[in-house]
Amino acid sequence: MRLASDWIGADVSAVLQLKNVHRSYAGVPALAGIDATLPNDAYVSLLGPSGSGKTTLLRVIAGFEPADGGQILFAGRRIDGVPPHQRGIGFVFQNFALFPHLSVRQNIAFGLESRVVDPVTDVKIVAGRVRDMIALVGLAGLEDRAITQISGGQKQRVALARTLVTEPSMVLLDEPLGALDANLRTRMRGELRKIRERCGVTFLHVTGSETEALAMGDTVLVLDRGRIAQSADAGTLYSRPASPDVARFLNCFNIFSGELADDAFVSPVGRLALGDARQPSAKPAYAIRYDRVSIRPKDAAPAGDEVRIEGSFVASEYSGAAINSFFALDDGRVFEVETHLSHAAPENYEERGRYALVWKKEDSLVFA
Amino acid sequence: MNATGIKFGLGLYTALFIVFLYGPLVVLGILSFQTGPEGGPQFPIIEWSTYWYRHLFGLTPPSRIAPLPIEQALVRSLTLAVMTMVVSTVLGVTAAQAFRRKFRGSGVVFYLIVLGMMVPGVLVGLGMALVANAFGIDRHWWGTAFVLHVVYTFPFAFLVMLAIFNRFDPSVEEASWSLGVSPARTFRKITFPLIFPGVLSAMLFAFTLSYDEFSRTLFASGRDLTLPLAIYGTFSVEVHPNVFAFGVLTTLFSFALLGTYAILMAMSVRRARRVAIQEEA
């Protein structure tokens, strides 16, 4: 039975709405009640550790796998139960899944010519639209190549062109940059954003890389153990993660567990002074970003608004614009500090030497 | 033993293996060129001639040796092999496609299919004859024997296709669906071209197995004989080198079949490559 509320609840500016979507495998839940709304004409990244259910979610939205429960609304219409070829949702696979027996041009024309709804039978129109799409994704000159004869980046473009030429209002991308080498990955990030803007479609881009998710998404959804843990723009997500788990997954916070006691946070490494930033959470935790910490000699006194702990230097890792230093705290935990080299020349720390690790209490984030 | 010794031993073993594998074929080839009609199937060759080949086609003067009664049997066997090939391959492809997803009872169904190639042929043939008698069905090569040929060759086609689908990447099908293409059209335009080499192999299996099937056909084919039965029938009187000449011709025919298979295979592979070469030229 279809209820009127199916439509009343539909947000007109949303292209996709997920309501309490469930999916489990042999009793083990992969999606444990997903609620999300994806806006029209936007770049959304879906970030999650491996095993968080992000590929499952994408496959459920595309219709390759059924949802066990919940509703999926696409362009205001319920699509759970609709077979994939009637959904009108594009899908770009991590391994590209190009048709190996067709040329680049034939791969791109295939959907237009063969689809059930509104197939384009006029050869000239097909050729024209394929040509435009080839120009858009930058594949000119490769039209007649076999897909075994092009590089990884070019395959990626063919996969994208093949989907975009059918003009879906949403495209799901399953780790689309995962199969490319690092250099190409960075270049394709920009290209993907540009191509999306020109086509005006919504991209839902699944990735396990926090830098990729933050760089690409207008909105970032964080998936954790089958639930949406946070949905925010990149800036908010980075500065105010909604839970200790999200913060841990962003890979830029030192996190202490412990208890909140009036004016301070009691952690295994001592009492830590609190700032104003609070995030309601079931699990109390204290987080400080890697790049907010400064390293000082052991005997330097902290200022009044600063928090200080001690650690012994383990190693550092040079990554061009920044250097990450690792310290062992007294409880054995590793503490990471990111120093941007534009602010200071790299210093040489003494191995196993004791240093003071200091940050402003206002920079800390407390979950309680 | 040192390395050269091992190498020598293995080489000798391989040589012997090849001799025993192809020896009969070579002997058959040589004896088919025996002179006729007085020459028999034995060494030494009295005189080299193509007499028995001409005898096969009725181009020799009449002699006491009757021509091989194989003309109609050959047509029957070829027709039967083509019918079997088509039906078994279609069944094999569709059954293997069904097995890509686990369904309830799939294990039982799998063994039921494979049983067709496991059970002894003579028994199945006899069983079919008894069943046909009990139900009053006339036995014919195109009826009862055809059913047994399909039961026998279907598992081979099925197993070949199962192996092909095992290596098949289902995401290309999902990609096609997500472009709005129906599953039926996806199968025709995407899946089938990709599994086509496997389909060719399944066809080859079904054809050759049916073409020289003996034991099942013996009881199930009724009055009109297929080729293997007709040839066997001539042995019971006296063996003349015309059977060898015919053997050589069928072998050549099989080679032609294999050649066609190889060419079709190569074409499906090369088409993509040629396009690329033109592009670079």
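Domain bounds, as used throughout, come from an automatic or database domain assignment. The model is predicted, with local features requiring pLDDT of at least 70 and side-chain atom pairs counting only at pLDDT 80 or more, whereas totals for chains, interfaces and linings use all residues. Residues are numbered from 1 along each chain as its sequence is written, while chains are lettered from A and ligands numbered from 1 in the order in which they are written.

Chain A is divided into domain 1 (5-238) and domain 2 (252-367), and chain B into domain 1 (3-56) and domain 2 (71-239).

| Chain | Domains | Separation of centres |
|---|---|---|
| Chain A | domain 1 and domain 2 | 39 Å |
| Chain B | domain 1 and domain 2 | 33 Å |

Taken along the principal axes, the C-alpha atoms of chain A fill a box of roughly 80 × 50 × 35 Å. The secondary structure of chain A comprises nine helices and 22 strands, where helices (H or I, at least four residues) and strands (E, at least two) are DSSP runs numbered from the N terminus. Of the 368 residues of chain A, 40% are buried, a residue being buried if 20 or more other C-beta atoms lie within 10 Å of its own, exposed if 12 or fewer, and partly exposed in between, with C-beta atoms placed from the backbone. Among contacts in chain A (C-beta atoms, placed from the backbone, within 7 Å) between residues at least 6 apart in sequence, 68% join residues at least 24 apart.

Helix H3 (residues 104-114) of chain A has nine of its 11 residues buried, among them A:Arg105, A:Asn107, A:Ile108 and A:Phe110. The buried residues of this helix pack against helix H4 (123-137) and helix H5 (152-164) of chain A, together with helix H8 (183-211) of chain B.

A nonpolar core is a set of buried Ala, Val, Leu, Ile, Met, Phe, Trp, Tyr and Cys residues joined through C-beta atoms within 7 Å. In the largest such core, of 99 residues, A:Ile108, A:Ala161 and A:Leu172 touch the most other members. Not counting residues up to four places away in sequence, A:Ala161 touches A:Ile108, A:Met133, A:Ile134, A:Val137 and A:Leu139. A second, separate core of 29 residues includes B:Ile113, B:Met128, B:Val160 and B:Ala202.

For chain B, an unreviewed UniProt entry lists residues 74-261 as "domain: ABC transmembrane type-1". Over residues 74-261 chain B is 79% helix and 0% strand, and the end C-alpha atoms lie 21 Å apart.

Note on methods
Contact = placed C-beta atoms within 7 Å. UniProt positions renumbered as here; feature names shortened; annotations may be inferred.
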